[in-house]
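Here is a quick walk through one chain, from its overall build down to a few residues worth a look. Keep the viewer open as you read.

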Amino acid sequence: NTDHKIGLRSSGSNGRFDYDVSDATWASSTDVNKGSTKINSNTLYWTARLSDKWKSRLNVSDSTERNTTATSGLSPLKTQAETHTQMLSWVNEFNVRDIVATLGVDRQLQSVDTSDDYVPPTLLTKRRSANAIYGGLVYTQGADSFQMNLRNDDVQDVGVKNSLTLVTVMI
């Protein structure tokens, strides 16, 4: 059916880098500093035109970024950090005459795991959830438009924040 689409978006990258450290207390000119970054992201999506006035989009995503560094020389040190995000997002768009209304919800599970040669990994691990509900209206009359957006974000261990945005364009 042309009114429904299901797909998968994937991306990934691997990078390596060398770097210098200018802190003479912990570094020597003969130190060798190397690092790497690996990123992977996958999103399964569904988009649909449920009626002439209603479109819907559902995304389920999983992404990971892993960074490592290694210094050999005066003060050898190895570090690693990995962030991981899982996200569920559902957005609906409704068109009624001169008004476009949008309503959506997001749910994220986020984690970061870091370690180095001196600190046990369990001391540097953090996990949290982040949730959002949002909506907006755009009213257009000729070349003029008015937009209003409301959003509620609730991030574990950070708190709740509400925001309101109003925009008027008159030509």
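From the N terminus on, the elements of this chain run β-β-β-β-β-β-β-β. That makes 8 strands and 0 helices. Bear in mind that what you're looking at is a predicted model.

**Overall build**

How does the chain's radius of gyration compare with the globule rule? The radius is 23 Å, well over the 16 Å that the rule gives for 171 residues, so the chain is more spread out than a compact globule. Along its principal axes, the C-alpha trace spans about 70 × 40 × 30 Å. Of the 171 residues, 15% count as buried.

The accessible surface comes to about 12,000 Å², and carbon and sulfur atoms hold 57% of that. As for contacts with a separation of 6 or more, 50% of them come from residues 24 or more positions apart. On the charge side, there are 18 positive and 19 negative charges, and their mean positions sit 7 Å apart.

**Aromatic pairs**

How many aromatic pairs does a search of the whole structure find? The search turns up 2. Phe17 and Tyr19 make a tilted pair, with 6.0 Å centre to centre and 45° between the planes. Trp54 and Phe94 make a stacked pair, at 5.6 Å centre to centre and 25° between the planes. This Trp54–Phe94 pair links distant parts of the chain: Trp54 belongs to strand S3 (residues 54–72) and Phe94 to strand S4 (residues 77–96), 40 residues apart.

**Two strand residues**

Now for a pair of residues inside strands. Thr47 lies in strand S2 (residues 32–51). Leaving out residues up to four places away in sequence, Thr47 touches Asp3, His4, Lys5, Ser56 and Arg57. Its C-alpha atom is separated by 6.5 Å from that of Leu58, 11 residues apart along the chain. Thr47 counts as partly exposed because its relative accessibility is 24%, while buried means under 20%.

Ser129 is found in strand S6 (residues 125–141). With the residues up to four places away in sequence again left out, Ser129 touches Arg107, Gln108, Leu109, Asp154, Val155 and Gln156. Is Ser129 buried or exposed? At 14% relative accessibility, Ser129 counts as buried.

**Positive phi in the loops**

Most residues other than glycine have a negative phi.

| Residue | Phi | Loop | Relative accessible area |
|---|---|---|---|
| Asp157 | about 70° | between strand S7 (144–155) and strand S8 (159–169) | 60% |

Notes:
Residues are numbered from 1 along each chain as its sequence is written. This is a predicted model: local features need pLDDT of at least 70, side-chain atom pairs count only at pLDDT 80 or more; totals for chains, interfaces and linings use all residues. Side-chain values use heavy atoms; hydrogens and water are left out. Rings of Phe, Tyr and Trp (its six-membered ring) pair if their centres lie within 6.5 Å; planes under 30 degrees apart count as stacked, over 60 as edge-to-face and the rest as tilted. Helices (H or I, at least four residues) and strands (E, at least two) are DSSP runs, numbered from the N terminus. The radius of gyration is taken over C-alpha atoms; the globule rule is 2.2 Å times the number of residues to the power 0.38. Buried means under 20% relative accessible area, exposed over 50%, partly exposed in between (1.4 Å probe, protein chains only). Contact means heavy atoms within 4.5 Å. Accessible areas come from the Shrake-Rupley method with a 1.4 Å probe; for residues, only the protein chains shown count as cover. Lys and Arg count as positive and Asp and Glu as negative; His and the chain ends are not counted. The place of a charge is taken as NZ of Lys, CZ of Arg, CG of Asp or CD of Glu.
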